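Keep the structure in view while reading.

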Amino acid sequence: MPTVRLRDAEEYPEPARRAFELSKQWFNYDFPQPAAMSRVMAWDPHFGGPHGRAMKRAMAPGEFSRGEKEMVAAAVSGVNACGY
Amino acid sequence: MVGDALWYEAAMVVGITNALNVVADALGPLMSPAKPGPDVAAIYDEIRAFYATGGEVPVPFGLAAQDPGYLGDLWAAVKRAFSDNHLSRRVKTALAFAVSLTTRSAFGTAFHLGELRRLGVGEGGIMEVVGVTQMFSSYTKIADTLQLEPDMGGIAPVDHSPAPASEPRER
């Protein structure tokens, strides 16, 4: 169980809700609520904003495709024993 | 990256990479590689050819060669895991590099970095893997600290294809 209460999308201000829409497009999936990590990052937009931009830059297709990078991300998460 | 076959392969690369790294990092500085006798010469030749090394055999194989039977099986698994299949060797090496970096393996990081370069991945491509590794080393720790529960596990389609060399089952 999370150690914090994850706020519903409606509890966030408008700029965060716009970011949730972008997040939905990024994942191409219609979550009932934005992904937990998106809501965590929206808590502090001065951290979450640049962190998210760095992630999207890192995940953009280059020498490796977005899909290949998702696999790298999954492997990194796996060896970090991250259940999320 | 649709279909379970890719992910089974990725998992095997991650596992065997870690297996090589733990031994190389811990014992590489403490033990000497076995002298290649006739029973390991053919395996050593295969290893050298696979990695296009001049004469050196990577540390974990040299250590495993104390028991030629063990080396043979270990090498067969490594070769299978890293050979082109559903995933390319290039992508598998990128996975191994990311895993090595994440687990702070000095052997694995240097070895797979060298392999990526040898396989034609440029510095930009290497930094792409570094960037993904770095960002997800952040996300995972944020998620763990807050004990977030998975909410994206079900977004991928289920692969109902049968296990290799078997018939499809009725669903």
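What span does H4(A) reach from its first C-alpha to its last? H4(A) has 14 residues and reaches 20 Å, close to the 20 Å expected at 1.5 Å a residue. The expected span is 1.5 Å times one less than the number of residues.

This is a predicted model, in which local features need pLDDT of at least 70 and side-chain atom pairs count only at pLDDT 80 or more, while totals for chains, interfaces and linings use all residues. Residues are numbered from 1 along each chain as its sequence is written, and chains are lettered from A and ligands numbered from 1 in the order in which they are written.

**Chain A**

Chain A has four helices and zero strands. Helices (H or I, at least four residues) and strands (E, at least two) are DSSP runs, numbered from the N terminus. The C-alpha atoms fill a box of roughly 40 × 25 × 25 Å along the principal axes. Of the 84 residues, 29% are buried. Buried means that 20 or more other C-beta atoms, placed from the backbone, lie within 10 Å of the residue's own; 12 or fewer is exposed, and in between is partly exposed.

| Helix | Buried residues |
|---|---|
| H2(A) | A:Ala36, A:Met37, A:Ser38, A:Arg39, A:Val40, A:Met41, A:Ala42 |
| H4(A) | A:Glu68, A:Lys69, A:Met71, A:Val72, A:Ala73, A:Ala75, A:Val76, A:Val79 |

Seven of the eight residues of H2(A) are buried, so this helix is largely enclosed by the rest of the structure. Its buried residues pack against H1 and H3 of chain A together with H7 of chain B. For H4(A), the cover includes H3 of chain A and H1, H5 and H7 of chain B. Just after H4(A), A:Ala81 takes a positive phi of about 55°.

**Interface**

34 residues of chain A are in contact with 36 of chain B. Contact means C-beta atoms, placed from the backbone, within 7 Å. H4(A) gives the largest share of chain A's side, 12 residues. That side has 22 nonpolar, eight polar and four charged residues. Ala, Val, Leu, Ile, Met, Phe, Trp, Tyr, Cys and Pro count as nonpolar, Asp, Glu, Lys and Arg as charged, and the others, Gly among them, as polar.

Definitions and conventions:
Contact = placed C-beta atoms within 7 Å.
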